[in-house]
Amino acid sequence: MSVETLEFQAETKRLLDLVVNSIYTNKEIFLRELISNASDAIDKLHFESLTNHELLDGDENFEIFVLPDSDTKTVTISDNGIGMTRGEVVANIGTIAKSGTRAFLEKIRANENNLNEELIGQFGVGFYSAFIVAEKVELITRKAGETSAVKWTSEGAGEYTLEDCEKDSRGTTIILHLKPEFCGGEEFDFTNTYELESLVKKYSDYIRYPIKMNFVKTDEEKNETVEIRTVNSMQPLWTRNKSDIKPEEYEEFFKHQFHEWENPMEIFHTKAEGTTEYTALLCIPKHAALNLYFADYEAGLQLYSRHVFVMDKCKDFLPDYLRFIKGLVDSPDLPLNISRELLQQSREVKKIGKALEKNVLKQLSKMLKNDREKYEDFWAEFGKSLKIGIYNNSYDEKIKDDLKDLLLFTTSKDKKFSTLAEYVERMPENQQKIYYAVGKDAETISKLPQMELLRDRNFEVLCLTDPVDEFAIDALKKYADKDIQSITREDFELDDDEAKKNKSEVEELAKSHEELLKDVKDAIGNEVYDVRLTSRLKTGAVCLATGAQGPSLNMEKTFAAMNNPFFRAMRILEINPNHELFKKLSGLHALDKNSDDFKNFCRLLYDQALLLEGIMPDNPVELANKIATLMAK
Ligand code: ADP
Ligand code: MG
């Protein structure tokens, strides 16, 4: 095939433009990115060679070369990793397929006018960072197991060319033709071996493969000899002593290893000896991945055996609710060429997994105790995961027990987060149950008419504002031997003397108004399961309650959003018999229970109750007309 000229994808062009024009400091990150790609490529080959040894073709000395040349004003970075086919070059280099880069682009879009370098610096911009320092980039690559090679060339300005070429061995070679300001300049000289060496040490010391450079030595007779030296220490970070590792080293490592663009929120580095031996380096990222709760999110830890990479995204260590944890496990007890299927059944993996889970939960509860602010940041990002953990393990008392004390809720008391223990601690002596209500936010919940009687008694209410909250609470059912009770379900009742008295009065009234209540129900129709008089309201006229069991109104909303319209809450319209409206209702009923006035009145009561729950009545126009008619009267 002759030379073929192709266009970059529009998105790629834009990214290139940004990268080249917006990074003012940290120009050297290109080196870290390209070395990291080289290392990834070797990892991939290594992994494939476990099942297909022939791919290595006798060359098992994995290595990366970084070769500056001041004569040609180039830096060449080469690896003997997996390489790419022509198709892969087009797919991987010409388009933006990588989710991290996508996330980056989305972030930029959101910040269109406020684009700053820091933002860009936070993301690994990957291969394209080559164009920060190069005016032209050549990439020559030959896939392991193939004989043909391909050369990709671009000046980063919208197009690139592809042509077949010769290459002696597998792997990828990238030649950066440096912009003038980066060779021999005052500020930067990337053709200087020592300058590059120090950058490699700074950013890529822990890379597991030797990064080699040529060092020219001149002896007394001015004879030059070239010595090839490995520049990086290659010691995997996690094998070092915790006390010798600086926070920055952990951070750099985390970013490199897991393709993250910002420092982690928390790092756990543990070594276990004894029957099962392993080292684990786990991290909680600072922010949840955009797709954390979607099917395309790939959870899992990296697996190493005796410091040798075995596989990525191994899901069998941590339970799904800890999917946000990134990290790696290195254990000599696991064989090198284990398949994913065997891994799943491995008792060692299960044991290690259990220990890791326990450790993560322990660290979280420590964080909650010792650094509340940090824990609340964690909660804001990943709290949902723990709640899903409770819901998904409704029948596993052990997991629920482990997680219940890590939950945070805002309450009607103030806008602050409380644990369940703190809530219980504050409960007045006469409060028997833990109360909760669901709504848009704490503000809206505090204003619910059902809140009044609780407020009078100084009873706090947990404000459940995340759709998953109620599912988790529902699965929990009890905390510290106290029932957790919704204030809007039909089985809610207060049990002090005053409330009891009030309740029996209302029951009497309900008996004498049985017919009225039935006619109200008939007037509204099948939408309501029942119409009742209530003792849960003080000054409010109406409210909507749901059955003691089954979906709540909010669960119904959640299911509807998932296209499951069959999960319906049992809706009960409750009317406050102490409200003026009740007298008016009785009056209209007595006058003519078949009149439009009575029927419209009933419908308006129901629509009001819906609005209080934040539910739009089915026919808002009709509602508005009825209100207008009523106001004009
Ligand atoms: P990332 O490394 O995060 O995937 P990059 O922009 O750095 O993103 O690289 C894009 C893709 O190009 C890589 O995923 C890989 O498929 C391919 N690639 C880059 N460099 C190499 C290399 N040295 N050898 C093989 N493939 C490479
Ligand atoms: Mg990369």
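Two strands count as paired if DSSP finds at least two bridges between them. With that in mind, let's walk through this predicted model, starting at a pair of strands. Strand E17, residues 434-438, and strand E20, residues 482-486, are joined by three bridges and run parallel. To find your place in this pair, look for Ile 434, which sits opposite Ile 484 of E20.

Now widen the view to the sheet around them. E17 and E20 belong to an open sheet of six strands with mixed pairing, whose order reads E16-E15-E18-E17-E20-E19. The edges are taken by strand E16 (417-418) and strand E19 (478-479); each has a single partner strand, so one side of each lacks a neighbour in the sheet. In general, the strands of a sheet pair through backbone hydrogen bonds, in either a parallel or an antiparallel way.

E17 also leads us on to helix H19. This helix spans residues 553-561, and its buried residues are Leu 553, Asn 554, Met 555, Glu 556 and Phe 559. What covers them? The cover includes E17 itself, along with helix H16 (467-476) and the strands E22 (542-546) and E23 (571-575). Just past the end of H19, have a look at Asn 563, where phi is positive, at about 60 degrees.

For a last stop, turn to strand E3, residues 74-79, which holds Thr 76. Is this residue buried or exposed? Thr 76 has a relative accessibility of 16%, and because the cut-off for buried is under 20%, Thr 76 counts as buried. Leaving aside residues up to four places away in sequence, Thr 76 touches Phe 65, Val 66 and Leu 67, as well as Thr 173, Ile 174 and Ile 175.

Technical notes. Residues numbered from 1 in each chain as written. Chains lettered and ligands numbered in written order. Predicted model: local features only at pLDDT ≥ 70, side-chain atom pairs only at ≥ 80, totals over all residues. Heavy atoms only, no water. Helix = DSSP H or I, 4+ residues; strand = E, 2+ residues; numbered from the N terminus. Buried < 20%, exposed > 50% of the residue type's maximum accessible area, 1.4 Å probe, protein only. Contact = heavy atoms within 4.5 Å.
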